[in-house]
Amino acid sequence: PLSGATSLSYQFTATDAAGGSRSTPLCAPASIALSPTGDLVINELMADNEQVIQDQAGDYSDWIELYNNSADTIDLGEYFLTDNLSDPFQWAFPQELLYPGDFKLIWASGDPTIGPNHADFKLSKGGEAVGLFRNVGGAADTADYVIFGSQNSDESYGRIFDAAPVWVAFDPSTPGASNGTMW
């Protein structure tokens, strides 16, 4: 895990059977900048859940996974989730604590009457945006957001490892669990 890292340097070295080796890049190791992520992040989502995981009603609803990337407990009651970035307060989280390193699955079923973890919107398998916001004195404070493209059935879209800046397709998906570590 690269907790707190702001960049990653890498270099590959191949060694043949005769003991000869070659590195790439040929000069100094390459380096990429890592964008810092917030304390609470959207970690993974599935916009076309046909048979991966059922909600408590037995339906295969779309889902969004959050991850507490901090060392502190987070009060989810201060946050909102939306699939319309111009409406940041679309769906309010129920009052609940999310402990450090924990995950939270929200069903994007479009029917909040099913239960407290069911948002009032569905995700589009054709692609769209999902945003996570806080209400700070009546103003929307962006905690995290992701814009995703067309999704395949039963394939999720998530961070390559928990809270990483890079997003990839997952098959199999990891709803409510770690996306793994980089190494």
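This short talk describes the strands, salt bridges and nonpolar core of one predicted protein model.

Good morning. The structure is a predicted model, in which local features need pLDDT of at least 70 and side-chain atom pairs count only at pLDDT 80 or more, while totals for chains, interfaces and linings use all residues. Residues are numbered from 1 along each chain as its sequence is written, and side-chain values use heavy atoms, with hydrogens and water left out.

Let me begin with the sheets. Strands here are DSSP runs (E, at least two residues), numbered from the N terminus. Two strands pair if DSSP finds at least two bridges between them.

Five strands make up an open sheet with antiparallel pairing, in the order β11-β6-β5-β14-β15. Its edges are β11 and β15; each has a single partner strand, so one side of each lacks a neighbour in the sheet. From one strand to the next, the twist averages 30°, where the axes are lines fitted to C-alpha atoms and angles run from 0 to 180 degrees between N-to-C directions.

Please look at strand β14, residues 156–159. With strand β5, residues 40–46, β14 pairs in the antiparallel sense over two bridges. With strand β15, residues 167–170, β14 pairs in the antiparallel sense over four bridges. Which residue in β14 is the bridge partner of Glu44? That partner is Gly158. Gly158 also stands opposite Val168 in β15, and Arg159 stands opposite Trp167 in β15.

A further open sheet has four strands, in the order β9-β8-β12-β13, again with antiparallel pairing. Here β9 (91–92) and β13 (139–148) are the edge strands; each has a single partner, so one side of each has no neighbour in the sheet. Between strand β8 (residues 79–82) and strand β12 (residues 128–136), the antiparallel pairing runs over four bridges. Within that pairing, Tyr79 stands opposite Arg134 in β12.

I turn now to the charged side chains. Side chains of opposite charge can pair when their charged atoms come close. The rule used here calls for a side-chain nitrogen of Lys or Arg within 4 Å of a carboxyl oxygen of Asp or Glu. How many salt bridges does this rule give? The count comes to four, and I shall describe some of them.

To describe exposure, we call a residue buried under 20% relative accessible area, exposed over 50%, and partly exposed in between (1.4 Å probe, protein chains only). Glu78 has 38% relative accessibility, so this residue counts as partly exposed. Arg134 is also partly exposed, because its value is 29%.

Another salt bridge joins Asp144 and Arg159, at 2.7 Å, N to O. This pair too links distant parts of the chain: Asp144 lies in strand β13 and Arg159 in strand β14, 15 residues apart. Are these two residues buried or exposed? Both Asp144 and Arg159 are buried.

In a further salt bridge, the closest N and O atoms of Lys104 and Glu96 are 2.8 Å apart. Lys104 counts as buried because its relative accessibility is 10%, whereas Glu96, at 28%, counts as partly exposed.

Finally, the nonpolar core. In soluble globular proteins, nonpolar side chains tend to be buried together. A nonpolar core is defined as a set of buried Ala, Val, Leu, Ile, Met, Phe, Trp, Tyr and Cys residues joined through side-chain atoms within 4.5 Å. The largest one has 23 residues, and those with the most contacts inside it are Ile64, Leu81, Phe93, Leu123 and Val130. At least two residues of this core come from each of β5, β6 (62–68), β8, β11 (103–108), β12 and β13. The strand that gives the most is β5, with three residues.

Let us take Ile64 as an example. Ile64 is found in strand β6. Its relative accessible area is 0%, so Ile64 is buried. Contact means heavy atoms within 4.5 Å. Leaving aside neighbours within four places in sequence, Ile64 contacts several residues, among them Ile42, Leu81, Lys104, Leu123 and Val130. Ile64 and Tyr157 are 93 residues apart in sequence, and their C-alpha atoms are 9.7 Å apart in space.

Thank you for your attention.
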